[in-house]
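Me: I should like to understand the terms used to describe this structure. Please take them one at a time.

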Amino acid sequence: MKKLGIIGGMGPEATSFFYARLIARTKAEHDQEHIDTIILSHATMPDRTQAILTGNKDALIKALTEDARSLEMLGVSNIAIPCNTSHYFYDEIQAATKVPIIHMVEESVRHVKKNWPDTKKIGIMGTDGTIQAGTYHKACERYGITPIQPGTERQKDVMSLIYDDIKGGKTGDRKKFMRTYDELMEKGCDAVILACTEISVFKEYYQVPLNCVDAMDVLVREAIIRSGAKYLG
């Protein structure tokens, strides 16, 4: 099997959940059938949304590219970044290393198109940075899907769920989630992408509707398969 590298710490709890899912969904009967993994939990990484919204991105890109190079030096074959917002800078990070970086956003939209080919509209539940940068919007349009974002008030709910709740060490307020989900359904969405790993953490504590596609789950599956292990679906 191939060694997997993870650029984590965005946030630390999301990285912990990602690794836990990686272990849980790898088909293994003993230690040696699991994936050799190197995790850089870079908790002091500059805030991704702030970098996008303010344009002050140099420090963030420097940190991300240095981490990618460090993982390359440690001999990883693929890199996973369990942070949706950081994928706005995917091209800059990938240019810094010869190691393939799994594109969480592209893989998530591809997953929707493959498994639910009749999907016309999909809601995006992510940070202000992800929404305003259009990271998922561009990927959706490439697959012929119309991306739908929450309205102003519901986007505030999403940001509060991410920053006030999950990043604050809480399990999250289900009312915030459901208000946003219901609005996206009213806008005609066929499904919703959980486009922030903090919302993926929220999903560990609460059941979410079946038409919610968790980008972290997609990344876990792709990381396992690319590493040469067997995925437990």
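Reply: Let us begin with a definition: a residue is buried when its relative accessible area is under 20%, exposed when it is over 50%, and partly exposed in between, with a 1.4 Å probe and protein chains only. Helices (H or I, at least four residues) and strands (E, at least two) are DSSP runs, numbered from the N terminus. The model is predicted, so local features need pLDDT of at least 70 and side-chain atom pairs count only at pLDDT 80 or more, while totals for chains, interfaces and linings use all residues. Residues are numbered from 1 along each chain as its sequence is written, and side-chain values use heavy atoms, with hydrogens and water left out.

Me: Which residues of α3 are buried?

Reply: In α3 the buried residues are L60, I61, A63, L64, T65, D67, A68 and L71. Their cover includes β1 (4–8), β2 (37–41), α2 (48–54), β3 (78–80) and α4 (90–95), where contact means heavy atoms within 4.5 Å.

Me: Why is S70 called partly exposed?

Reply: S70 belongs to helix α3. Its relative accessibility is 32%, and therefore S70 counts as partly exposed. The C-alpha atoms of S70 and H34 are separated by 22 Å, and these residues are 36 apart along the chain.

Me: What is the phi of G75, positive or negative?

Reply: G75, which follows α3, has a positive phi, near 85 degrees.

Me: Where does α8 bend?

Reply: The bend is at S160 and amounts to about 30 degrees. A bend at a residue is the angle between axes fitted to the seven residues ending there and the seven starting there. S160 is also one of the buried residues of α8. The buried residues of this helix pack against α1 (12–24), β4 (121–125), α6 (128–133), α9 (174–186) and α10 (197–205).

Me: Why does D164 count as partly exposed?

Reply: D164, found in helix α8, has 47% relative accessibility, so D164 counts as partly exposed. Not counting residues up to four places away in sequence, D164 touches M159 and K170.

Me: What makes α11 largely enclosed?

Reply: Nine of the twelve residues of α11 are buried, and therefore this helix is largely enclosed by the rest of the structure. Among them are A215, M216 and D217.

Me: How do you know that the span of α11 agrees with expectation?

Reply: At 1.5 Å a residue, the twelve residues of helix α11 (residues 215–226) should span 16 Å, and the end C-alpha atoms are 16 Å apart, so the two agree.

Me: Why is I224 called buried?

Reply: I224 lies in helix α11. Because its relative accessibility is 0%, I224 counts as buried. Leaving aside residues up to four places away in sequence, I224 touches L22, R25, T26, I35, A229, K230 and Y231. I224 and T26 are 198 residues apart in sequence, yet 6.6 Å apart in space, C-alpha to C-alpha.

Me: Which peptide bond is cis, with omega near -10 degrees?

Reply: The bond from M10 to G11 is cis, with omega near -10 degrees. G11 lies in the loop between β1 and α1.

Technical notes:
The expected span of a helix is 1.5 Å times one less than its number of residues.
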